[in-house]
Amino acid sequence: MSNGALDREDRGDVTIVRILPPLLHWNEETESLFQQITSLIETEGRSQIVLNFAGVQFMASMALGQLVSIMRKAHAAGGRLALCCVPRPVSELLRVSRLT
């Protein structure tokens, strides 16, 4: 299911979310995207989340806090947050922030 800023696919207990915007500046679109992911956990009970960053070229540091929040919510719900297809610039930001 595609929703403008993300593409979602459920495979059993796992929800794969492909992030579509290439630039994740901290703006309304990015905030809405993270709210939708949070809603998967809190409203739909989907706590096994894989975020596919294949198309993301940039992520603002403000978005890191949202990733940590989503990770904590997934863990508290008995699940896990995993990242895949993370491009080098985003991977470097995660490494520098000690989130890898």
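Let's start with Arg46. Arg46 sits in the loop between helix H1 (28-42) and strand S4. Helices here are DSSP runs of H or I with at least four residues, strands are E runs of at least two, and both are numbered from the N terminus. A word on the source: this is a predicted model, where local features need pLDDT of at least 70 and side-chain atom pairs count only at pLDDT 80 or more, while totals for chains, interfaces and linings use all residues. Residues are numbered from 1 along each chain as its sequence is written, and side-chain values use heavy atoms, with hydrogens and water left out.

Is Arg46 buried or exposed? Arg46 is buried, because its relative accessible area is 16%. The cut-offs: buried is under 20% relative accessible area, exposed is over 50%, and partly exposed lies in between, with a 1.4 Å probe and protein chains only.

What does the side chain of Arg46 reach? One polar atom of it lies 2.8 Å from the backbone oxygen of Gly12. The side chain also reaches the backbone oxygen of Val14, at 3.3 Å. A polar contact is a pair of N or O atoms within 3.5 Å; within protein, one must be able to donate a hydrogen and the other to accept it, and residues adjacent in sequence count only if both atoms are side-chain atoms. Leaving aside neighbours within four places in sequence, Arg46 has contacts that include Arg8, Asp10, Thr15 and Leu40. Contact means heavy atoms within 4.5 Å.

Gly12 takes us to the hairpin of S1 and S2. Two residues lie between these strands, and Gly12 has a positive phi near 65°. S1 and S2 (residues 14-19) run antiparallel, joined by six bridges. Asp10 has Thr15 as its bridge partner in S2. Leu6 has Ile19.

Now the whole sheet. It is open, with four strands in the order S1-S2-S4-S6 and mixed pairing. Strands pair if DSSP finds at least two bridges between them. The edge strands are S1 (6-11) and S6 (80-84), each pairing on one side only. On average, neighbouring strands are turned by 20° against each other, direction ignored. Helix H2 (residues 62-76) packs on the sheet, touching S4 (48-52) and S6, and its direction makes about 135° with that of S6. For these angles, axes are lines fitted to C-alpha atoms, for helices over the stretch in contact, and angles run from 0 to 180 degrees between N-to-C directions.

Next, the core. The largest nonpolar core has 23 residues, and Ile37, Ile49, Leu51, Phe53, Met59 and Leu67 touch the most other members. Such a core is a set of buried Ala, Val, Leu, Ile, Met, Phe, Trp, Tyr and Cys residues joined through side-chain atoms within 4.5 Å. S2, H1, S4, H2 and helix H3 (88-96) each supply at least two of its residues. Not counting residues up to four places away in sequence, Phe53 touches Ile19, Leu83, Cys84 and Cys85, among others.

Last, those cysteines. Cys85 is in the loop between S6 and H3. Its phi is near 50°, positive in a residue other than glycine. A disulfide needs two cysteine sulfur atoms within 2.5 Å. The count is zero disulfides.
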